[in-house]
Amino acid sequence: MRTPVAYKARRRASRETLARGMNFAVGGAGVLDTGNFQRNISAQIDLFQAMHHSQQQRGCAKRTALVVVSGNDYAYAADKDNNGTSAAIAYIPTVVRELREQLRRLRDEAGMRRVVVINLHPMGCTPVFTRPLNYTGCDPLANAGAAQYNAALRSVLGALDPNNRTFLLLDVHTPFAAFLLDDNNGDSDNKLFKSTLRPCCESFRPDGYCGQEDENGTWQYTLCDDPGRYFYWDVVHPTQAAWAAMARTFRAAVKSFLSI
C-alpha cells in the first residue's frame, strides 16, 4: 500500500494519488486533547465523514482504516502531573473509553469494513525512559502501563467485534519487545541494530531535543553515522529501519485480515 495523501494536501493531489486513500492523522494528537490544539481522533473522523458525505473523496471503496495510538495521551497526562508515569497509567481507562466510542463510530457511522488498530509498544524502552538508566535497561513501570493499556484495548475490541470481522488488533508490542528486551539484539556489530535503547540523535541535555540549536546555531545534539543501525531515531520515534523490521513481522497478518 502506497502512502496515502495527507488531508492538508488533498486539494493539490492528483486523482491517482487520492485513489490511495487519505491520512487524517496529526502529529502529537491523541485520542483525547493533548494540549497543543491538534485534532484528536474524534475530529479526524469528523473530517473523514464530511468529505465522504460531500463525495469529494472517492478513493475509499475498500473502506479500510488504520488507527494508530502511540502514547501522546499518556505523555500529556504525565507532563501535567507531578506523579508522572503513575498519572499516565491512571488515565488509561479514560483514554480507552473514548477510543472505544471512536472505533464504534468508524464502523457504525463511517461505514468502515476493516479497521486495523495498533497496540502500544513497550513504552519503558523508549530512550526518554532509558536515558536516565544510562541506556542499560527499560523502565518497568512504563512497560507495565503499556501492558495494561494493551489488555484493555484487547477487551474493548473483543466486546465490539467478538467474531473479529471488522477489527484487527495489530500487535506491535511483541516484535518491539523481541528486539528491545532480547539480549541477543544488544550492542553488537553483527546484529541487525547496533543500538536498541540509545537513539541515533541524542541531545546533550536531558531536557533538550533532537535538532536543537543554541543562539549561535551550534548543534545541541549528536548524530550517529548510520541511522539504519539504530532502533530509535530520537527519544520517542523509531528509525525507518526499525519500522521496516517491525513491518516484516506482521505483514502476513494484515494481508490475511484484509483479504477476508
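Is Cys201 buried or exposed? Cys201 is buried, at 2% relative accessibility. Buried here means under 20% relative accessible area, exposed means over 50%, and partly exposed lies in between, with a 1.4 Å probe and protein chains only.

A word on the source. This is a predicted model, where local features need pLDDT of at least 70, side-chain atom pairs count only at pLDDT 80 or more, and totals for chains, interfaces and linings use all residues. Residues are numbered from 1 along each chain as its sequence is written, and side-chain values use heavy atoms, without hydrogens or water.

Now the disulfides. The rule is a pair of cysteine sulfur atoms within 2.5 Å. That gives three disulfides. Counting bonded cysteines along the chain, the pattern is 1-2, 3-6, 4-5.

Start with Cys125 and Cys138. Their S to S distance is 2.1 Å. The link is right-handed, with 110° about the S-S bond. Cys125 sits in the loop between β4 (114–118) and α6 (127–130), Cys138 in the loop between α6 and α7 (140–160). They are 13 residues apart. Helices (H or I, at least four residues) and strands (E, at least two) are DSSP runs, numbered from the N terminus. Cys125 is buried at 0%. Cys138, at 19%, also counts as buried.

Next, Cys200 and Cys224, S to S 2.0 Å. The torsion about the S-S bond is about -90°, so this disulfide is left-handed. The partners lie 24 residues apart. Both Cys200 and Cys224 are buried.

Last, back to Cys201. Its partner is Cys210, with the sulfur atoms 2.0 Å apart. The torsion is about 100°, so the disulfide is right-handed. Cys210 is partly exposed, at 25%.
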